[in-house]
Amino acid sequence: MHVAPVGGTAVQDHVALAEIELCGDLIIAASAAHEDRLSLESIDEVLKVAEERNERYESS
């Protein structure tokens, strides 16, 4: 069995951390919502889909 050495060797997966943050944002939005489910528009707003899309088109 291989055990990671103790001390400062943590590896961060930035993509995984970003996905976890987005999931957290969705959970917070869902818990604050008045309806049973978030609409697709609400999900896009939480995930900032429109902002990301605009940034891509502006940089092209």
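Student: How do H1 and H2 pack, in terms of angle and axis distance?
Tutor: In this predicted model, helix H1, residues 14–32, packs with helix H2, residues 40–47, at an angle of about 135 degrees, and their axes are 9 Å apart. That angle makes H1 oblique to H2.

Student: And is the crossing left-handed or right-handed?
Tutor: The crossing in which H1 passes H2 is right-handed.

Student: Which residues meet there?
Tutor: From H1 the residues are Leu22, Asp25, Leu26 and Ala29, and these meet Ile43, Val46 and Leu47 of H2. Sorted by class, this contact of H1 with H2 holds six nonpolar residues and one charged residue, with no polar ones.

Student: What does Leu47 touch, if I ignore its neighbours within four places in sequence?
Tutor: With those neighbours set aside, Leu47 is in contact with Leu22 and Leu26. The C-alpha atoms of Leu47 and Leu22 are separated by 6.6 Å, although the two residues lie 25 residues apart along the chain.

Student: How accessible is Leu47?
Tutor: Its relative accessibility is 29%, so Leu47 counts as partly exposed.

Student: Switching topic, where is Lys48?
Tutor: Lys48 sits in the loop between H2 and helix H3, which covers 49–59. Lys48 has a relative accessibility of 49% and therefore counts as partly exposed, given that exposed means over 50%.

Student: What about the phi of Lys48?
Tutor: Phi of Lys48 is near 55 degrees, which is a positive value in a residue other than glycine. For context, most residues other than glycine have a negative phi.

Terms used. Residues numbered from 1 in each chain as written. Predicted model: local features only at pLDDT ≥ 70, side-chain atom pairs only at ≥ 80, totals over all residues. Heavy atoms only, no water. Axes fitted to C-alpha atoms, helices over the stretch in contact; angles between N-to-C directions. Helix = DSSP H or I, 4+ residues; strand = E, 2+ residues; numbered from the N terminus. Parallel < 35°, antiparallel > 145°, perpendicular 65-115°, else oblique. Left-handed = near helix turned anticlockwise from the far one by under 90°. Contact = heavy atoms within 4.5 Å. Nonpolar A, V, L, I, M, F, W, Y, C, P; charged D, E, K, R; others polar. Buried < 20%, exposed > 50% of the residue type's maximum accessible area, 1.4 Å probe, protein only.
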